[in-house]
Amino acid sequence: KEYIRFDNEKGKEKEERVSAFEDDPIAILKADHQGVLQTLDLIEDQILRRDINGLWIAIAKVENEIVLHSIRKEEGVLFPLLEKIYPMSGMHIEIIKEDHRELLAVLHSIRDSMRESDIPDNVLHSALSNLRSHIRKEDDEFFEMIDHYLDAENKKILLEGMDSAEKSHVV
């Protein structure tokens, strides 16, 4: 099984196949985050260039990545598993789920205002900052906290569920 990690070099994506993560679902989730962060860098560049069409596409891409990563993989696969093996995770999970809902709502409202050929700079910069902060909290705190609760069998279950979520995800 191979996963794709994105590297953004001056606005151009290059794909690198990563097989080293095949048995580590947390590393895969962190690699997904790196792809989102690369798209956020592109969005910041498009804001400066006032590229409304590019922004529209890039924001739609981030929304899609959030649905696949956050809703399908985390909320649909990881969180139910965690609630079974680590009951104390419920409080953290609810906070993260609320972040996901808020981020999607803000990105959707940004695209709505862009229909009027307006780039809501302040709201967009705030959303990007919040999304970067959310990713940092998940990578540096939440994923690190839960990683040691995942034994080989739970990692296998998580990998299978994440693979199924990816295969059934419609772009």
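The legends below accompany several close-up views of a predicted model.

**View 1. The whole protein, from one end of the chain to the other.**
Let us begin with the overall picture before zooming in. The protein has five helices and two strands, and from the N terminus its elements follow the order β-β-α-α-α-α-α. Of its 171 residues, 43% count as buried.

**View 2. Helix 1 packed against helix 2.**
Two packed helices are described by the angle between their axes and the distance between the axes. Here, helix 1 (residues 25–49) and helix 2 (residues 52–85) meet at an angle of about 160°, and their axes are 10 Å apart. Angles over 145 degrees count as roughly antiparallel, so helix 1 and helix 2 are roughly antiparallel to each other. Their crossing is left-handed. On the helix 1 side, the contact includes Ile28, Leu29, Asp32, His33 and Gly35, and on the helix 2 side it includes Gly54, Leu55, Ala58, Ile59 and Lys61. By class, the residues of this contact are 11 nonpolar, six polar and five charged.

For comparison, most residues other than glycine have a negative phi. Arginine 50 sits in the loop between helix 1 and helix 2. Its relative accessibility is 44%, so arginine 50 counts as partly exposed.

**View 3. Proline 80, a residue of helix 2.**
Follow helix 2 along to find proline 80. With a relative accessibility of 33%, proline 80 counts as partly exposed. Not counting residues up to four places away in sequence, proline 80 touches Glu74 and Glu75. Proline 80 and glycine 90 are 10 residues apart along the chain, and their C-alpha atoms are separated by 9.6 Å.

**View 4. Serine 89, in the loop between helix 2 and helix 3.**
Is serine 89 buried or exposed? Its relative accessibility is 0%, so serine 89 counts as buried. This residue belongs to the loop between helix 2 and helix 3 (90–114). A polar atom of the serine 89 side chain lies 2.7 Å from the backbone oxygen of tyrosine 86. Leaving out residues up to four places away in sequence, serine 89 touches Leu82 and Glu83.

**View 5. Tyrosine 149 and its contacts.**
Tyrosine 149 is in the loop between helix 4 (121–147) and helix 5 (152–168). At 31% relative accessibility, tyrosine 149 counts as partly exposed. Tyrosine 149 and tyrosine 86 are 63 residues apart in sequence, while their C-alpha atoms are 7.1 Å apart in space.

**View 6. Helix 3 packed against helix 4.**
Another pair of helices comes into view here. The axes of helix 3 and helix 4 come within 11 Å and cross at roughly 155°. Helix 3 and helix 4 are therefore roughly antiparallel to each other, and helix 3 passes helix 4 in a left-handed crossing. Contact residues of helix 3 include His92, Ile93, Ile96 and Asp99, and those of helix 4 include Val123, Leu124, Ala127 and Asn130. The contact of helix 3 with helix 4 has 11 nonpolar, four polar and three charged residues.

**View 7. Helix 1 meeting helix 5.**
Helix 1 also packs against helix 5, at an angle of about 40° and with the axes 9 Å apart. Pro25, Ile28 and Leu29 of helix 1 meet Lys155, Leu158, Leu159 and Met162 of helix 5. This contact comprises six nonpolar residues, no polar ones and one charged.

**View 8. Aspartate 140, a residue of helix 4.**
Our last stop is aspartate 140, which lies in helix 4. With a relative accessible area of 53%, aspartate 140 is exposed. Aspartate 140 and lysine 30 are 110 residues apart in sequence, and the distance between their C-alpha atoms is 9.6 Å.

Definitions and conventions. Residues numbered from 1 in each chain as written. Predicted model: local features only at pLDDT ≥ 70, side-chain atom pairs only at ≥ 80, totals over all residues. Heavy atoms only, no water. Axes fitted to C-alpha atoms, helices over the stretch in contact; angles between N-to-C directions. Helix = DSSP H or I, 4+ residues; strand = E, 2+ residues; numbered from the N terminus. Parallel < 35°, antiparallel > 145°, perpendicular 65-115°, else oblique. Left-handed = near helix turned anticlockwise from the far one by under 90°. Contact = heavy atoms within 4.5 Å. Nonpolar A, V, L, I, M, F, W, Y, C, P; charged D, E, K, R; others polar. Buried < 20%, exposed > 50% of the residue type's maximum accessible area, 1.4 Å probe, protein only. Polar contact = N/O pair within 3.5 Å; in protein donor to acceptor, adjacent residues only side chain to side chain.
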